[in-house]
Amino acid sequence: MNRDPSNQLDRSLILVGCGNMGYALLRGWVESSSINPSHVHVVEPDLSLRERAATLGVITHDRCDTLPADADLIVIALKPQIVDRELPSYRRYSQSAAFVSIAAGVTCERLTRLLNSTRVARAMPNTPTAIGKGSTIIFCDSAERMFPIERVVSLFKAGGAVHQVAQEELIDAATAISGSGPAYVFYLIECLADSALKLGLPSTIASDLARETVHGSAALALASKDAPGELRRQVTSPNGTTEAGLRVLASDDGLSSLISRTTRAAFERSLELASSKLS
(Lines give C-alpha, C1' and ligand atoms only; values in the text may rest on other atoms or scores of the structure.)
Protein backbone atom coordinates (compact mmCIF):
# COMPACT_ATOMS: atom_id res chain seq x y z
CA MET A 1 0.00 0.00 0.00
CA ASN A 2 1.37 3.44 -0.93
CA ARG A 3 1.60 5.80 2.01
CA ASP A 4 0.70 9.47 1.85
CA PRO A 5 3.10 11.10 4.31
CA SER A 6 0.72 14.01 4.81
CA ASN A 7 -1.84 11.67 6.37
CA GLN A 8 0.50 9.88 8.75
CA LEU A 9 0.79 10.47 12.48
CA ASP A 10 4.57 10.53 12.36
CA ARG A 11 5.28 11.55 15.92
CA SER A 12 6.72 8.89 18.20
CA LEU A 13 4.35 6.22 19.48
CA ILE A 14 4.96 3.38 21.94
CA LEU A 15 2.68 0.35 22.02
CA VAL A 16 2.96 -1.54 25.30
CA GLY A 17 1.86 -5.12 24.70
CA CYS A 18 1.21 -6.73 21.34
CA GLY A 19 -1.11 -9.66 21.97
CA ASN A 20 -4.19 -10.20 19.84
CA MET A 21 -5.80 -6.81 20.47
CA GLY A 22 -2.56 -4.86 20.42
CA TYR A 23 -1.59 -6.50 17.16
CA ALA A 24 -5.04 -5.82 15.68
CA LEU A 25 -4.57 -2.13 16.43
CA LEU A 26 -1.03 -2.08 15.09
CA ARG A 27 -1.97 -3.90 11.91
CA GLY A 28 -4.88 -1.53 11.30
CA TRP A 29 -2.67 1.51 11.80
CA VAL A 30 0.10 0.28 9.51
CA GLU A 31 -2.09 -1.11 6.73
CA SER A 32 -4.21 2.05 6.62
CA SER A 33 -1.04 4.17 6.37
CA SER A 34 -2.03 6.11 9.49
CA ILE A 35 1.40 5.77 11.04
CA ASN A 36 4.95 5.48 9.84
CA PRO A 37 6.08 2.08 11.21
CA SER A 38 9.63 3.33 11.69
CA HIS A 39 8.32 5.75 14.34
CA VAL A 40 6.56 3.03 16.35
CA HIS A 41 8.18 1.16 19.24
CA VAL A 42 6.49 -2.03 20.46
CA VAL A 43 7.25 -3.54 23.86
CA GLU A 44 6.41 -7.24 23.98
CA PRO A 45 8.30 -9.86 26.05
CA ASP A 46 6.94 -12.85 24.12
CA LEU A 47 9.34 -13.64 21.26
CA SER A 48 6.74 -15.01 18.84
CA LEU A 49 4.46 -11.99 19.34
CA ARG A 50 7.42 -9.65 18.98
CA GLU A 51 8.42 -11.32 15.71
CA ARG A 52 4.84 -11.02 14.44
CA ALA A 53 4.86 -7.29 15.18
CA ALA A 54 8.25 -6.86 13.50
CA THR A 55 6.80 -8.07 10.17
CA LEU A 56 4.89 -4.78 10.06
CA GLY A 57 8.13 -2.79 10.04
CA VAL A 58 7.95 -1.42 13.58
CA ILE A 59 10.80 -1.35 16.11
CA THR A 60 10.41 -4.03 18.78
CA HIS A 61 11.70 -4.35 22.34
CA ASP A 62 11.51 -7.18 24.83
CA ARG A 63 11.58 -4.77 27.78
CA CYS A 64 10.90 -1.11 28.38
CA ASP A 65 14.39 -0.02 29.41
CA THR A 66 15.60 -0.14 25.79
CA LEU A 67 12.96 2.36 24.64
CA PRO A 68 13.92 5.87 23.47
CA ALA A 69 14.11 8.60 26.11
CA ASP A 70 11.17 10.57 24.69
CA ALA A 71 7.71 9.72 23.40
CA ASP A 72 4.54 11.72 23.00
CA LEU A 73 1.88 8.98 22.85
CA ILE A 74 1.85 5.62 24.62
CA VAL A 75 -0.88 3.04 23.98
CA ILE A 76 -1.25 0.47 26.74
CA ALA A 77 -2.48 -2.90 25.48
CA LEU A 78 -1.73 -5.02 28.53
CA LYS A 79 -3.92 -7.53 30.32
CA PRO A 80 -5.60 -5.74 33.23
CA GLN A 81 -4.14 -8.22 35.71
CA ILE A 82 -0.57 -6.97 35.09
CA VAL A 83 -0.97 -3.21 34.74
CA ASP A 84 -0.11 -2.56 38.40
CA ARG A 85 3.19 -4.37 37.95
CA GLU A 86 4.16 -2.95 34.56
CA LEU A 87 2.95 0.64 34.30
CA PRO A 88 5.13 2.32 36.95
CA SER A 89 8.09 1.67 34.61
CA TYR A 90 6.58 4.23 32.21
CA ARG A 91 6.42 7.09 34.72
CA ARG A 92 9.53 8.55 33.13
CA TYR A 93 7.31 9.62 30.22
CA SER A 94 4.76 11.41 32.40
CA GLN A 95 6.01 14.88 31.44
CA SER A 96 6.19 14.29 27.69
CA ALA A 97 3.63 11.65 26.76
CA ALA A 98 -0.11 11.14 26.81
CA PHE A 99 -1.36 7.64 27.65
CA VAL A 100 -4.25 5.65 26.18
CA SER A 101 -5.21 2.36 27.81
CA ILE A 102 -7.29 -0.41 26.26
CA ALA A 103 -7.02 -2.60 29.38
CA ALA A 104 -10.54 -3.63 30.37
CA GLY A 105 -11.72 -2.30 33.71
CA VAL A 106 -8.63 -0.20 34.43
CA THR A 107 -9.96 3.22 35.39
CA CYS A 108 -8.46 6.61 34.61
CA GLU A 109 -7.95 7.13 38.35
CA ARG A 110 -5.90 3.95 38.49
CA LEU A 111 -3.91 4.94 35.39
CA THR A 112 -3.20 8.36 36.88
CA ARG A 113 -1.92 6.78 40.08
CA LEU A 114 0.24 4.17 38.33
CA LEU A 115 1.71 6.55 35.75
CA ASN A 116 1.89 9.73 37.84
CA SER A 117 0.12 11.54 35.00
CA THR A 118 -3.29 13.12 34.45
CA ARG A 119 -2.91 12.94 30.66
CA VAL A 120 -4.68 9.60 30.43
CA ALA A 121 -7.61 8.22 28.45
CA ARG A 122 -9.37 4.91 28.02
CA ALA A 123 -10.36 3.24 24.77
CA MET A 124 -12.14 0.00 24.01
CA PRO A 125 -11.54 -1.20 20.43
CA ASN A 126 -12.38 -4.62 19.04
CA THR A 127 -10.51 -7.07 16.84
CA PRO A 128 -12.17 -6.10 13.51
CA THR A 129 -9.97 -3.00 13.87
CA ALA A 130 -7.27 -5.11 12.19
CA ILE A 131 -9.12 -4.87 8.86
CA GLY A 132 -10.58 -1.38 9.25
CA LYS A 133 -14.01 -2.66 10.32
CA GLY A 134 -13.67 -2.10 14.04
CA SER A 135 -15.55 -0.05 16.58
CA THR A 136 -13.83 1.92 19.35
CA ILE A 137 -15.25 3.76 22.35
CA ILE A 138 -13.07 6.49 23.88
CA PHE A 139 -13.36 8.35 27.18
CA CYS A 140 -11.20 11.34 28.03
CA ASP A 141 -11.84 14.41 30.11
CA SER A 142 -9.90 16.48 27.59
CA ALA A 143 -10.97 19.86 28.97
CA GLU A 144 -9.21 19.18 32.26
CA ARG A 145 -6.35 17.00 31.12
CA MET A 146 -5.13 18.85 28.00
CA PHE A 147 -5.17 15.51 26.23
CA PRO A 148 -4.41 15.27 22.45
CA ILE A 149 -7.83 13.77 21.80
CA GLU A 150 -7.95 14.70 18.13
CA ARG A 151 -4.78 12.77 17.43
CA VAL A 152 -6.06 9.73 19.35
CA VAL A 153 -9.42 9.79 17.56
CA SER A 154 -7.63 10.01 14.20
CA LEU A 155 -5.42 7.09 15.16
CA PHE A 156 -8.31 4.84 16.15
CA LYS A 157 -10.38 5.87 13.13
CA ALA A 158 -7.80 4.03 11.06
CA GLY A 159 -9.38 0.86 12.44
CA GLY A 160 -13.02 1.80 11.87
CA ALA A 161 -15.71 3.76 13.68
CA VAL A 162 -14.91 5.82 16.79
CA HIS A 163 -17.41 6.93 19.42
CA GLN A 164 -16.66 9.22 22.35
CA VAL A 165 -18.54 9.00 25.64
CA ALA A 166 -18.81 11.63 28.35
CA GLN A 167 -18.95 9.23 31.31
CA GLU A 168 -16.20 6.76 32.08
CA GLU A 169 -18.57 4.06 33.31
CA LEU A 170 -19.95 3.77 29.77
CA ILE A 171 -16.63 2.22 28.77
CA ASP A 172 -17.57 -0.85 30.82
CA ALA A 173 -20.90 -1.09 28.98
CA ALA A 174 -19.10 -0.78 25.64
CA THR A 175 -16.67 -3.50 26.69
CA ALA A 176 -19.60 -5.89 27.13
CA ILE A 177 -21.07 -5.02 23.71
CA SER A 178 -18.47 -4.06 21.12
CA GLY A 179 -15.31 -5.14 22.94
CA SER A 180 -16.45 -8.68 23.67
CA GLY A 181 -19.10 -8.74 20.94
CA PRO A 182 -16.94 -10.19 18.14
CA ALA A 183 -16.49 -13.35 20.21
CA TYR A 184 -20.27 -13.69 20.49
CA VAL A 185 -20.64 -13.27 16.73
CA PHE A 186 -17.88 -15.77 16.01
CA TYR A 187 -19.62 -18.21 18.33
CA LEU A 188 -22.87 -17.64 16.43
CA ILE A 189 -21.03 -18.54 13.22
CA GLU A 190 -19.72 -21.69 14.89
CA CYS A 191 -23.22 -22.64 16.04
CA LEU A 192 -24.79 -22.00 12.64
CA ALA A 193 -22.13 -24.09 10.94
CA ASP A 194 -22.56 -26.89 13.47
CA SER A 195 -26.32 -26.87 12.94
CA ALA A 196 -25.80 -26.98 9.18
CA LEU A 197 -23.66 -30.09 9.60
CA LYS A 198 -26.33 -31.74 11.71
CA LEU A 199 -28.88 -30.99 8.99
CA GLY A 200 -26.70 -32.86 6.49
CA LEU A 201 -24.77 -30.15 4.67
CA PRO A 202 -21.10 -30.87 3.79
CA SER A 203 -18.63 -29.25 6.18
CA THR A 204 -17.18 -26.75 3.69
CA ILE A 205 -20.60 -25.57 2.58
CA ALA A 206 -21.80 -25.44 6.19
CA SER A 207 -18.89 -23.22 7.19
CA ASP A 208 -19.21 -20.97 4.13
CA LEU A 209 -22.96 -20.52 4.56
CA ALA A 210 -22.57 -19.56 8.21
CA ARG A 211 -19.83 -16.99 7.51
CA GLU A 212 -21.54 -15.55 4.43
CA THR A 213 -24.91 -15.27 6.14
CA VAL A 214 -23.54 -13.33 9.11
CA HIS A 215 -21.33 -11.15 6.94
CA GLY A 216 -24.09 -10.36 4.44
CA SER A 217 -26.68 -9.66 7.11
CA ALA A 218 -24.36 -7.29 8.98
CA ALA A 219 -23.44 -5.50 5.75
CA LEU A 220 -27.13 -5.10 4.88
CA ALA A 221 -27.92 -3.77 8.37
CA LEU A 222 -25.19 -1.14 8.00
CA ALA A 223 -26.17 -0.17 4.45
CA SER A 224 -29.94 -0.06 4.93
CA LYS A 225 -31.97 2.85 6.27
CA ASP A 226 -34.39 0.33 7.79
CA ALA A 227 -34.05 -0.64 11.44
CA PRO A 228 -32.91 -4.20 12.16
CA GLY A 229 -36.41 -5.09 13.32
CA GLU A 230 -37.83 -4.07 9.95
CA LEU A 231 -35.14 -6.02 8.10
CA ARG A 232 -36.05 -9.04 10.21
CA ARG A 233 -39.71 -8.65 9.31
CA GLN A 234 -38.81 -8.47 5.61
CA VAL A 235 -37.24 -11.94 5.86
CA THR A 236 -40.11 -13.42 7.86
CA SER A 237 -43.06 -14.66 5.81
CA PRO A 238 -46.21 -15.51 7.82
CA ASN A 239 -46.21 -19.18 8.80
CA GLY A 240 -42.97 -19.73 6.92
CA THR A 241 -39.66 -21.34 7.82
CA THR A 242 -38.11 -18.17 9.28
CA GLU A 243 -41.09 -17.57 11.53
CA ALA A 244 -40.82 -21.13 12.83
CA GLY A 245 -37.19 -20.55 13.78
CA LEU A 246 -37.88 -17.12 15.29
CA ARG A 247 -40.51 -18.60 17.60
CA VAL A 248 -37.68 -20.49 19.28
CA LEU A 249 -35.36 -17.47 19.43
CA ALA A 250 -38.13 -15.20 20.76
CA SER A 251 -39.23 -17.54 23.56
CA ASP A 252 -38.92 -16.43 27.19
CA ASP A 253 -35.53 -18.10 27.54
CA GLY A 254 -34.54 -17.41 23.94
CA LEU A 255 -31.97 -15.17 22.30
CA SER A 256 -32.96 -11.86 23.90
CA SER A 257 -32.67 -13.31 27.39
CA LEU A 258 -29.44 -15.10 26.50
CA ILE A 259 -27.81 -11.97 25.05
CA SER A 260 -28.91 -9.93 28.05
CA ARG A 261 -27.35 -12.43 30.46
CA THR A 262 -24.21 -12.69 28.32
CA THR A 263 -23.56 -8.95 28.15
CA ARG A 264 -24.44 -8.50 31.83
CA ALA A 265 -21.81 -11.10 32.78
CA ALA A 266 -19.18 -9.30 30.68
CA PHE A 267 -20.19 -5.91 32.11
CA GLU A 268 -19.97 -7.15 35.69
CA ARG A 269 -16.56 -8.70 35.04
CA SER A 270 -15.35 -5.34 33.75
CA LEU A 271 -16.53 -3.73 36.98
CA GLU A 272 -14.74 -6.44 38.99
CA LEU A 273 -11.50 -5.71 37.14
CA ALA A 274 -11.92 -2.04 37.97
CA SER A 275 -12.17 -2.77 41.69
CA SER A 276 -9.46 -5.41 42.02
CA LYS A 277 -5.79 -5.29 41.16
CA LEU A 278 -5.28 -9.00 40.50
CA SER A 279 -8.70 -10.39 39.52
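Salt bridges come to 13 in this structure. By that I mean a side-chain nitrogen of Lys or Arg within 4 Å of a carboxyl oxygen of Asp or Glu. This is a predicted model, so a word on the limits: local features need pLDDT of at least 70, side-chain atom pairs count only at pLDDT 80 or more, and totals for chains, interfaces and linings use all residues. Residues are numbered from 1 along each chain as its sequence is written, and side-chain values use heavy atoms, with hydrogens and water left out.

Asp172 sits in helix H7 and Arg122 in strand S6, so the pair ties together parts that are 50 residues apart in sequence. Helices (H or I, at least four residues) and strands (E, at least two) are DSSP runs, numbered from the N terminus. Are these two residues buried or exposed? Asp172 is buried, and Arg122 is buried too. For the cut-offs: buried is under 20% relative accessible area, exposed is over 50%, and partly exposed is in between, with a 1.4 Å probe and protein chains only.

Stay with strand S6, residues 120-124. It is mostly covered, with 5 of its 5 residues buried. Which way do the residues point? Val120, Arg122 and Met124 point one way, Ala121 and Ala123 the other way.

Now its neighbours. Strand S5, residues 98-101, runs parallel to S6, and 3 bridges join them. Pairing here needs at least two DSSP bridges between the strands. Val100 has Ala121 of S6 as its bridge partner. From S5 the chain crosses through helix H4, residues 108-115, to S6, and this β-α-β crossover is right-handed. That is, with the strands pointing away from the viewer, the path from the first strand over the helix to the second runs clockwise.

Strand S7, residues 134-139, is antiparallel to S6, again with 3 bridges joining the two. Here Arg122 has Phe139 of S7 as its bridge partner. Arg122 therefore takes part in the strand pairing and, as said, in the tie to helix H7.

Back on helix H7, residues 169-179, we find Thr175. Thr175 is buried, at 7% relative accessibility. Where does its side chain reach? To the backbone oxygen of Ile171, at 2.8 Å. That is a polar contact: N or O atoms within 3.5 Å; within protein, one must be able to donate a hydrogen and the other to accept it, and residues adjacent in sequence count only if both atoms are side-chain atoms.

Arg233 bridges to Glu230, the closest N and O atoms being 3.4 Å apart. Both are in helix H10, 3 residues apart, so about one helical turn separates them. Arg233 is partly exposed, with 49% relative accessible area. Glu230 is partly exposed as well, at 30%.

In helix H11, Arg247 and Glu243 are 4 residues apart, again about one helical turn. Their closest N and O atoms are 3.1 Å apart in the salt bridge. Glu243 is partly exposed, with a relative accessible area of 24%. There is also a network of salt bridges, linking Asp62, Arg63 and Asp65.

Next, backbone angles. Most residues other than glycine have a negative phi. Two residues here have positive values. Ser33 has phi near 65 degrees. Ser33 lies in the loop between helix H1 (20-31) and strand S2 (40-43), and is buried at 7% relative accessibility. Asn239 also has phi near 65 degrees. Asn239 is in the loop between helix H10 (228-235) and helix H11 (241-249). Asn239 is exposed, with a relative accessible area of 69%.

Last, the surface. Leu249, Leu255, Leu258 and Ile259 form a nonpolar patch, with about 320 Å² of accessible area together. The areas come from the Shrake-Rupley method with a 1.4 Å probe; for residues, only the protein chains shown count as cover. Patch residues have over 30% relative accessible area and no salt bridge; like charges are joined within 9 Å, and nonpolar side chains (Val, Leu, Ile, Met, Phe, Trp, Tyr) within 5 Å. Which helix gives the most? Helix H12, residues 255-275, with 3 residues. Leu255 is in H12, and is partly exposed at 39% relative accessible area.
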